[in-house]
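Have a look at the fold before reading on.

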Amino acid sequence: MPASPISFRMSSPDDTARFAARLGRLLVPGDCILLNGSLGAGKTHFARSLIQSVLSNAEEVPSPTFTLVQTYDTDVGPIWHADLYRINGADEIEELGLTEAMEDAICLIEWPDRLGDLKPDDALVLQFTAQDDPDARAVTATWTDEKWSARLERAIQ
């Protein structure tokens with residue numbers, strides 16, 4: 001049974017980074033977060049902040065726009081950060097190894113509409129929407145797996 005969506009506002013990029021860091025510490029391999037929103041809505045900033053917050057050693061976290069996938073070994077497990085904007089079909093997703101990664105790694109996936117039938121049923125979906133204030137973002141979280149309820153409650157605090 002789907003949980004009711006939770007909507008909240010982040011007033012700055014720092015708010016987004018703090019939320020990402022709190023959520024990042026609660027993730028385990030097999031978790032998948034689908035990041036929706038228009039260009040510039042904050043998807044990559046969220047993913048970058050989450051990844052940087054769980055790295056043992058600081059390193060650059062580039063956008064995977066051109067590489068399609070970036071992988072990281074982190075304190076919470078392997079993370080795959082995928083940007084599917086340039087993907088044209090499920091066969092390309094299979095070639096990337098993303099379907100296997102969704103079982104064994106933490107996956108942060110931008111432009112998840114490209115997944116089609118490969119979208120995991122137990123994923124957390126975060127919809128980012130830019131606001132009139134250029135630094136603010138509205139986020140709506142939806143999920144079907146109950147594991148996300150408690151995690152979001154802790155991360156949103």
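**Ground rules**

This is a predicted model, where local features need pLDDT of at least 70, side-chain atom pairs count only at pLDDT 80 or more, and totals for chains, interfaces and linings use all residues. Residues are numbered from 1 along each chain as its sequence is written, and side-chain values use heavy atoms, leaving out hydrogens and water.

**The helix pair**

The axes of α1 (residues 13-24) and α2 (residues 43-54) come within 8 Å and cross at roughly 50 degrees. Axes here are lines fitted to C-alpha atoms, for helices over the stretch in contact, with angles from 0 to 180 degrees between N-to-C directions. Helices are DSSP runs of H or I with at least four residues, strands are E runs of at least two, and both are numbered from the N terminus.

Among the residues that meet are Phe 19 and Leu 23 in α1, with Phe 46 and Leu 50 in α2; contact means heavy atoms within 4.5 Å.

**The sheet**

Seven strands build an open, mixed sheet in the order β1-β7-β6-β2-β5-β4-β3. At its edges sit β1 (6-10) and β3 (69-74), each pairing on one side only; pairing takes at least two DSSP bridges between two strands.

Further in, β2 (residues 32-36) and β6 (residues 124-130) pair in the parallel sense over 4 bridges, and Leu 35 has Leu 126 in β6 as its bridge partner. As for helix α1, it lies across β1, β2 and β6, running at about 135 degrees to β1.
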